[in-house]
Structure formats: C-alpha cells, structure tokens
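Visitor: Hi! Could you walk me through this structure in plain words?
Guide: Happy to, ask away.

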Amino acid sequence: MKNKKVEANLSMVVSKTFSGLNMNALKYLLPVWVSPLSGVTLRCVFAAVAFWIIGMFVKPETSTRKEKIYLFLLGALGIYGFMFLYLVGLSKTTPVSSSIFTSLQPIWVFVIAVVFFKEKISVLKVAGISLGLGGAILCILAQKSDDLASDALTGNVLCLLSSIAYAIYLVASNRILKSVGMFTVLKYTFAGAAFSSILVSAITGFHAPVFSGPVHWFPLSVLLFVLIFPTVVSYLLVPIGLKYLKTTVVAIYGYLILMVATIVSLLVGQDRFSWAQTIAIGMICISVYLVEVAETKEKPLSNSDKPGSLPPHGS
C-alpha cells in the first residue's frame with residue numbers, strides 16, 4: 001500500500017504540473033495560432049480518439065445503454081461547455097488569473113451540494129466559501145486590460161463561469177462514476193464533447209494558422225504538448241490519486257496548478273507581479289483548505305457518497 005501511495009502522489013504531482021503548464025501553453029497559442037473555438041475542437045476530438053484507442057487495450061467495462069447516453073450528454077454539455085468558456089476566457093486574460101478561478105472548483109462543488117443536496121453548513125464552510133468568493137471578486141475587479149490581457153474583465157468572468165460549469169459537471173457525474181468504469185466515462189464524455197465541438201466548428205468555421213504553411217515547428221510542438229499531456233495524460237493519472245489518497249490531499253494538489261501557472265507566467269512574461277492577484281491567490285488557497293478541513297471533520301457520509309468529495313482536475 002505504501003508503494004501505491006507513493007505512485008498516487010507522483011501521479012497527482014505530474015497531472016497537476018501538466019495542468020498548470022497547459023494554461024501557459026494555451027495562452028501562447030490563443031488566439032494567434034489557434035482560435036479559442038478551434039482549440040476546443042482540437043482538444044475534444046483528440047482526447048476522444050485517444051481514449052477510444054486506449055480503451056481497446058484495457059479490460060472491457062460493463063455499462064448500460066442509458067448510462068452511455070447520459071455520459072455522452074454530460075460530455076456534450078458539461079465538458080464542452082467548460083472548455084468553451086475556459087479557452088475563450090483565457091484568450092482574453094492571463095494564465096495566473098485563469099488558474100485562480102480553476103482553483104475555485106471545490107468551492108462551487110460544495111455550494112451546489114449545499115443548495116441541491118442539503119449538505120450540512122458549518123462555520124468553517126461558510127468562512128471558506130466567503131473567503132473564496134472574496135478572492136474571486138478581488139481578482140475580477142482589480143485586474144485591468146493591458147497588452148497581456150486584451151479584455152481582462154470579460155476573460156475573468158468567463159473563466160469564473162467555466163469553473164462553475166466544471167463543478168456542475170463533477171456533481172452531475174458523481175453518482176454514475178460509482179457504477180461505470182473510468183475508461184467508459186472518458187470515452188463517452190469526450191465523445192459527447194467532440195460531437196458538440198465539431199457541430200460548433202461546422203457553424204463558426206475552423207481557424208488554426210498553426211497548420212498553414214510553412215511549417216511552424218514551435219507552435220506545433222506546443223499544441224502537441226497540450227493535446228497529449230494536459231488533455232490525455234492528466235485525465236488518466238487523476239483516478240490513480242483518487243483511488244489511494246484522501247479527497248483532501250487530492251484537492252490540495254490542485255494548488256499545484258496555480259503555483260506552476262504563476263511561476264511560469266512570471267518567468268516567460270505572460271503576466272506581471274500583482275499584489276491583488278497575490279492576495280486573491282492566498283484567499284482562495286485558504287478558502288479551499290477551510291472547506292476541505294470542514295468536510296473531513298464532519299464525515300456524515302462516506303467520501304463516495306458525497307457530491308463534495310470530487311476534486312478539481314479540469315483545465
């Protein structure tokens with residue numbers, strides 16, 4: 001079991017590091033080399049094809065037709081909606097700001113659990129949620145548009161909405177995840193997301209100068225990184241962490257996304273140091289920690305039964 005926990009921790013470190021780098025890579029690509037909507041199409045279609053191919057070499061998983069349709073619709077609405085809002089938002093703001101809102105996903109999961117599942121409210125949870133919302137509002141109001149963020153307000157609001165959309169997807173998929181295998185979930189949700197993305201691209205058009213001649217080696221390499229590592233490998237590694245680590249530990253690993261995106265952004269010039277962003281990051285980190293601690297202390301239900309037990313891993 002000790003070796004399994006080491007493997008699980010390494011899996012989470014690698015997964016979250018890729019997710020953090022994903023924000024910087026996408027910021028480089030959007031919108032000069034790939035338009036946001038075309039970027040969504042590339043990620044969803046690539047992931048769907050990859051998961052279906054990988055699924056051919058793993059042990060068959062049982063699922064009903066109804067479950068497959070449900071998963072397909074979850075992907076078509078949830079995953080596509082999340083990526084749509086996220087990539088359009090990121091194209092208008094900075095990677096640090098977008099990662100701040102991604103870190104809020106556990107907060108939205110708990111808010112949804114309280115509103116729709118009547119989950120118990122405690123002082124710690126109220127404090128955590130309030131602090132997280134305060135950090136988000138500070139980030140939205142303090143950041144101004146400049147050469148690094150063409151429309152910071154719109155971008156931040158869209159990234160905020162994307163984190164809420166992914167939280168809704170997590171809650172909606174919680175119950176079915178107990179009875180359906182991991183690869184079934186990945187295959188059918190990303191098939192649904194790919195369907196939506198192709199449909200939208202057929203209407204709006206596909207715009208990706210990265211594929212136009214002459215060959216642009218560096219942008220192509222960055223795009224391949226995005227498609228292979230954050231889009232496919234990260235999603236494959238997260239279940240390992242979920243299996244052997246406590247939910248609180250997995251959720252705290254989500255801070256790596258924020259740390260990696262912040263450090264790389266400052267190093268490569270995709271963002272500038274800001275006290276407002278620094279304070280917002282601190283507020284959100286503390287808020288998620290408070291909510292997770294409150295959840296761990298209460299434990300009225302097992303982790304698998306709680307809508308709030310799902311950690312963030314979307315990016």
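Visitor: Is Ser201 buried or exposed?
Guide: Ser201 is buried, with a relative accessible area of 10%. Buried means under 20% relative accessible area, exposed over 50%, and partly exposed in between (1.4 Å probe, protein chains only). This is a predicted model, where local features need pLDDT of at least 70, side-chain atom pairs count only at pLDDT 80 or more, and totals for chains, interfaces and linings use all residues. Residues are numbered from 1 along each chain as its sequence is written, and side-chain values use heavy atoms, leaving out hydrogens and water.

Visitor: Which helix is Ser201 in?
Guide: Ser201 sits in helix α8, residues 182-204. Helices (H or I, at least four residues) and strands (E, at least two) are DSSP runs, numbered from the N terminus.

Visitor: And what does Ser201 touch?
Guide: Leaving aside residues up to four places away in sequence, Ser201 touches Leu37, Thr41 and Phe206. Contact here means heavy atoms within 4.5 Å.

Visitor: How far is Ser201 from Ser35?
Guide: They are 166 residues apart in sequence and 11 Å apart in space, C-alpha to C-alpha.

Visitor: New topic! Which residues touch the most other members of the largest nonpolar core?
Guide: That core has 73 residues, and Met83, Ile100, Phe101, Leu104, Phe190 and Tyr235 touch the most other members. Helix α3 (residues 65-90) gives the most to this core, with 11 residues. A nonpolar core is a set of buried Ala, Val, Leu, Ile, Met, Phe, Trp, Tyr and Cys residues joined through side-chain atoms within 4.5 Å.

Visitor: What does Phe101 touch?
Guide: Not counting residues up to four places away in sequence, Phe101 touches Ala136, Cys139, Ile140, Asn156, Cys159, Leu160 and Ser163.

Visitor: How do α4 and α11 pack?
Guide: Helix α4 (residues 95-102) and helix α11 (residues 255-268) pack at about 175°, with axes 9 Å apart. The two are therefore roughly antiparallel to each other; that label is for angles over 145 degrees, while under 35 is roughly parallel, 65 to 115 roughly perpendicular and the rest oblique. Axes are lines fitted to C-alpha atoms, for helices over the stretch in contact, and angles run from 0 to 180 degrees between N-to-C directions.

Visitor: Which residues meet there?
Guide: Pro95, Val96, Ser99 and Ile100 in α4 meet Ile257, Leu258, Ala261, Thr262 and Ser265 in α11.

Visitor: Last one: where is the cis peptide bond?
Guide: Leu30 and Pro31 are joined by it, with omega about -15°. Pro31 lies in the loop between α1 (2-29) and α2 (36-55).
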